[in-house]
Amino acid sequence: MSRPKDRPGRGGLRGWGGVTGMAAACAVTAALTLLPLAHHSGGAAGADASGGGAVTAVQTRAEECTEPEASLPASGDDGPNIDTIKQRGKLIAGVDQNSFRWGYRNPESRELEGFDIDLVRAIAKDILGDPDAVIFRAIPTNQRIAALENDRVDVVVRTMTINCRRLEQVSFSTAYFQAGQQVLAPKKSAITGYDESLKGKRVCSAEGSTAYEALEEKSFGALYKDDFDGTERDPDLLTVPSQLDCLVRLQLGEVDAVVTDNALAAGQAAQDPAVELKGKGPFTTEYYGVATKKGARDLVARVNKVLVDYRAGGTNSAWMASYREWLAAGLPGITAPPAPRYRGD
């Protein structure tokens, strides 16, 4: 994946491991939430070879949700949502700017970079012919769906897990990454994973996240819900608007562990060598998708077409190039993107 030669190296962000730097990052997040961010050069386009894994046709009725990862067939046709984007001349994308290797602002270049950012630019290039024709909007975890419902963004590309509950509120593309929930804790902690070692421990998760849902289903006696005194939240919050806030609380000693996607946690462990992923691996299997407003069929089909091109080419695909650049160091061993699953009309 080509990059401008004058772009600064990525190594500078490793200095974010300290508490002070991370707290400052959170302050920046709060200041910029839901505000347009400048667009920058760089990004990847889809490959032109065929391939990308076997395609499984999945037939489901509209009133059922048995295969949430099954999306509309890929199509390059225009429609009302595509027309709106073309008339505007910009794709408006909801992203994260503080998830290292996924969507973050490089502190040296001040550019947004990461795996999700590359995909956004590939979508913009396909629809508008220009990977830089993007308005990025930084949105916290708990505002992803609201941003789509209120037309603040066209797409959300922010490590968003596809599931049946969310499909009642938004539409999703085919899966572009497989992840799972895992526990992040200090290396010296007695916590061993998503198990009985969490009993009595303060565990942080992001509001509206699948991590919180997992804790709701089975907490092993962990303390993960905020306390209320009837008038205001307890100041020691365990449920936060954005996942990065959990890492800051972990570094400050305000919580004992974090439950989050292993893909995000791997990036955070790279930022802070004092923490690590606990357990043998993720305890769930989840898939990230590009989210759109509910019923934006033409845009969903177009994104799926972009993903067909993005996955194509085997080890030389744009997907694999982006994976090698951003994720391979923390999540080694991935040899291909997840195969797309489609449903009938």
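Modeller: Before we start, one cut-off: buried means under 20% relative accessible area, exposed over 50%, and partly exposed is in between. Also, this is a predicted model.

Colleague: Fine. Where does Arg110 fall, buried, partly exposed or exposed?

Modeller: Arg110 has 43% relative accessibility, so it counts as partly exposed.

Colleague: And where in the chain is Arg110 placed?

Modeller: In the loop between β6 and β7, with β7 covering 112-113.

Colleague: What about the phi of Arg110?

Modeller: Positive, about 65°, and Arg110 is not a glycine. Most residues other than glycine have a negative phi.

Colleague: Now Arg101. What is its phi?

Modeller: About 80°, also positive, and again not a glycine.

Colleague: Which loop holds Arg101?

Modeller: The one between β5 (98-99) and β6 (103-105).

Colleague: Is Arg101 buried or exposed?

Modeller: Buried. Its relative accessible area is 10%, and the cut-off for buried is under 20%.

Colleague: Switching to helices. How do α2 and α9 cross?

Modeller: Helix α2 spans residues 80-88 and helix α9 spans 297-311. Their axes come within 6 Å and cross at roughly 80°. Therefore α2 is roughly perpendicular to α9, since angles of 65 to 115 degrees count that way.

Colleague: Which residues make the contact?

Modeller: From α2, Pro80, Asn81, Ile82 and Ile85. From α9, Asp298, Leu299 and Arg302.

Colleague: How many of the contact residues are nonpolar, polar or charged?

Modeller: Between α2 and α9, 4 are nonpolar, 1 is polar and 2 are charged.

Note on methods. Residues numbered from 1 in each chain as written. Predicted model: local features only at pLDDT ≥ 70, side-chain atom pairs only at ≥ 80, totals over all residues. Heavy atoms only, no water. Axes fitted to C-alpha atoms, helices over the stretch in contact; angles between N-to-C directions. Helix = DSSP H or I, 4+ residues; strand = E, 2+ residues; numbered from the N terminus. Parallel < 35°, antiparallel > 145°, perpendicular 65-115°, else oblique. Contact = heavy atoms within 4.5 Å. Nonpolar A, V, L, I, M, F, W, Y, C, P; charged D, E, K, R; others polar. Buried < 20%, exposed > 50% of the residue type's maximum accessible area, 1.4 Å probe, protein only.
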